[in-house]
Amino acid sequence: KMYNLSGEYEVRLDEKSRLRLPTALSAQIGESPLKLVVNRGFEKCLLLYPESVWVEKTKEVNQLNQYVRKNREFARYFFRGATQLLTDASGRILIPKLLQEHAGINQDIVLLAYHQHVEIWSKEYYLKMVAEEPDNFGELAEDVFGHKDV
């Protein structure tokens with residue numbers, strides 16, 4: 001299944017470190033209970049994937065030549081901490097403690113959904129990342145897409 005997830009959501013962990021996914025986000029994924037995989041992301045966030053997307057990502061990684069050191073290192077980092085999750089009856093998931101620590105997550109979280117995954121940020125790190133956005137988004141767009149014929 002192809003996903004085109006979108007949205008920015010502020011949420012909080014409950015006292016048991018569970019995260020309730022916003023209804024609008026759960027509806028985009030569309031399964032019940034939601035079958036998800038969470039792992040370390042780029043920068044200082046976690047990545048949350050619908051299970052079917054995770055399966056496709058793992059196929060890509062598993063095709064890498066394991067005799068190449070950088071490929072092995074990437075695969076280790078990619079799979080380290082990967083945890084399968086199922087939403088409970090209240091639509092909550094439990095973020096593993098080690099992953100919370102990796103992303104500096106305490107209680108306040110921002111979920112940034114795009115393409116086929118959701119970034120899970122501590123609100124503190126998310127606001128720092130947003131503060132470092134380029135002054136001119138147009139220049140960044142030109143750098144990324146300027147070489148393409150439209």
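Let me begin with Thr87, which touches Leu21, Pro33, Leu34, Leu36, Arg92 and Ile93, leaving aside residues up to four places away in sequence; contact here means heavy atoms within 4.5 Å. This is a predicted model, in which local features need pLDDT of at least 70 and side-chain atom pairs count only at pLDDT 80 or more, while totals for chains, interfaces and linings use all residues. Residues are numbered from 1 along each chain as its sequence is written, and side-chain values use heavy atoms, with hydrogens and water left out.

Thr87 is located in the loop between β5 (83–86) and β6 (92–94). Strands are DSSP runs of E with at least two residues, numbered from the N terminus. Is Thr87 buried or exposed? Thr87 counts as buried because its relative accessibility is 11%; the term buried applies under 20% relative accessible area and exposed over 50%, with partly exposed in between, using a 1.4 Å probe and protein chains only. The side chain of Thr87 also reaches the backbone nitrogen of Leu34, at 2.8 Å.

I turn now to two residues with positive phi. Ser17, in the loop between β1 (5–12) and β2 (18–20), has a phi near 65 degrees, a positive value in a residue other than glycine. With a relative accessible area of 15%, Ser17 is buried.

Glu43 belongs to the loop between β3 (35–40) and β4 (46–50). Its phi is near 55 degrees, again positive in a residue other than glycine. Glu43 has a relative accessible area of 63% and is therefore exposed.

Conventions
Helix = DSSP H or I, 4+ residues; strand = E, 2+ residues; numbered from the N terminus. Polar contact = N/O pair within 3.5 Å; in protein donor to acceptor, adjacent residues only side chain to side chain.
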